[in-house]
Amino acid sequence: MNYLAIRALIRNDLRIYMTDRRAMMIGVLVPILIAAFFGYVFGGNGSAEAGKIPIAVVDEDDSDVSRAIAADLAAEPLLAMQALDRTEAERRVRGGKVQVAAIIPKNFGGDATRALFSGQTKPQVELLIDPSQAMSSRVVEGLLAQHGMQEITKEAFSGASDGSGPAAGLQRGLSMPYVVATTKMTSAQKVPYSSYAHSFAGMTTQFILLAGIDAAIVLLLTRERGLWQRLRSAPLSKTQFLLARTLATTLVGLFQFVLIYAAAIGVFGVRIGGSVIGFAAIAVALCLLNATFGLMLASIGRSAAATRGIAVIATLLLVMVGGAWVPSFIFPKWLQQVSLATPTRWAVDGLDAMTWRSLGLDAALPPILVLSGSALLCLAIAIWQFRWEE
């Protein structure tokens, strides 16, 4: 065995690796970034403020018991509670602004206190849930049971109730004094929730961005391989050239988008339950952002190697903070606000709204405006920074 040749090859590979400082830094920084993000989101060292589940309570009873239950839920560290009426609560659950809405019916306090001992005529609490957040509904139902039993038994044993009495009830045994009816909320009741719809929204957003970055890197490789003079010989200004590249990459992105959602619809049963026009407009705006985002990174990075490194970090940040991997409601409060500043968050929410949430065109307008505005900003930076000369 030629040990000298093997040692020389190993030394050469290590030298090449150490020479490419950007690749070396990316290989170290990316896993640190991802690990730090997920570690922080899921609790960190215990010092980070955990994300709260946004819920609503509709108190149609307005009794001492129902007010006490609402106050207990408001004090829960796991929940961010709002007191709303039924119409607004339904609207916010359908729109994904609230994960669960608990509706406490009229006469709940008195009926539940009597049912605690008799087991009869139990009132019904409605839970309106965002079907994409099944875990949240279980958490809320458990906390509601905990605080409901606490306040109902307190009322029963205080002597304020006119029921059959604690002593008689204890001989028969206590029972859960109410029942829970759960309703999954979408705007069109014939369009059931599909977890595939949400996962396709997140992954499509991520890989459309990656496709735009690939197109930008190809452009830079064209410069590095000496083909740039041919492109510059065309009777086009820098702005016209970049606009042409933007439109071409947008069309490629739309082709990719259509194929992905054709598979989602044909194989996995994803349905466009909302506005078809809104869905199409979001797709165009996302693919336009994809094209201009890649050009912007190319104009900043200047070289293929530098752009690839910047693109990896930038895309990961947009995808992670935008909620494409994990739902943004579990983020700490400050990170939820930051998430709203990322176009990926609007893209995912917009695609959700047009598919399983079954919302109308008005729900598509904010994502379209954010995505289009972000695309124009990226294009302006690309035109400003792109190096037209060799």
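This is a predicted model: local features need pLDDT of at least 70, side-chain atom pairs count only at pLDDT 80 or more; totals for chains, interfaces and linings use all residues.
User: What kinds of residues are they, nonpolar, polar or charged?
Analyst: Five are nonpolar, three are polar and one is charged. In this scheme Ala, Val, Leu, Ile, Met, Phe, Trp, Tyr, Cys and Pro are nonpolar, Asp, Glu, Lys and Arg are charged, and the others, Gly among them, are polar.

User: How much space lies in the largest cavity?
Analyst: The largest cavity holds about 50 Å³. A cavity is a set of points on a 1 Å grid over the protein atoms alone where a 1.4 Å probe fits but cannot get out, and lining residues have an atom within 4 Å of a point. Grid points are joined across faces, edges and corners, and the volume is the space filled by probe spheres set on the points.

User: How many cavities of 30 Å³ or more are there?
Analyst: The count is two.

User: Back to helix 10. What does Thr250 touch, leaving out residues up to four places away?
Analyst: Thr250, in helix 10, touches Val284, Cys287, Leu288 and Ala291; contact means heavy atoms within 4.5 Å.

User: Is Thr250 buried or exposed?
Analyst: Thr250 is buried, because its relative accessible area is 7%. Buried means under 20%, exposed over 50% and partly exposed in between, with a 1.4 Å probe and protein chains only.

User: Let us zoom out. How many helices and strands does the protein have?
Analyst: It has 15 helices and five strands. Of its 390 residues, 43% count as buried. Among contacts with a separation of 6 or more, 83% join residues 24 or more positions apart.

User: Where is Val57, then, and what is it in contact with?
Analyst: Val57 lies in strand 1 (residues 53-59). Beyond its neighbours within four places in sequence, Val57 is in contact with Ala70, Leu73, Met81, Gln82, Ala83, Leu84, Ala102 and Ile104. Val57 counts as buried because its relative accessible area is 3%. Its C-alpha atom is 5.6 Å from that of Ala101, which is 44 residues away along the chain.

User: What about Thr113, buried or exposed?
Analyst: Thr113 is buried, since its relative accessible area is 1%. This residue is in helix 5 (residues 108-118), and its side chain reaches the backbone oxygen of Gly109 at 2.6 Å. A polar contact is a pair of N or O atoms within 3.5 Å; within protein, one must be able to donate a hydrogen and the other to accept it, and residues adjacent in sequence count only if both atoms are side-chain atoms.

User: What happens at the start of helix 4?
Analyst: A side-chain oxygen of Asp85 comes within 3.3 Å of the backbone nitrogen of Thr87 at the start of that helix, which covers residues 86-94. Helix 4 is followed by Gly96, with a positive phi near 80°.

User: Which residue other than glycine has a positive phi near 65°?
Analyst: That is Asn107, in the loop between strand 3 (100-104) and helix 5. Asn107 is exposed because its relative accessible area is 53%. Asp62 is not a glycine either and has a positive phi of about 55°. Asp62 sits in the loop between strand 1 and helix 3 (64-75) and counts as exposed because its relative accessibility is 52%. Most residues other than glycine have a negative phi.

User: Last one: where is the place of Gly360?
Analyst: Gly360 is in the loop between helix 14 (343-354) and helix 15 (361-385). Gly360 counts as partly exposed because its relative accessibility is 31%. Not counting residues up to four places away in sequence, Gly360 touches Ser275 and Met354.

Notes: Residues are numbered from 1 along each chain as its sequence is written. Side-chain values use heavy atoms; hydrogens and water are left out. On a 1 Å grid over the protein atoms alone, a cavity is a set of points where a 1.4 Å probe fits but cannot get out, and a pocket is an open set with protein on both sides within 12 Å along at least five of seven lines; lining residues have an atom within 4 Å of a point. Helices (H or I, at least four residues) and strands (E, at least two) are DSSP runs, numbered from the N terminus.
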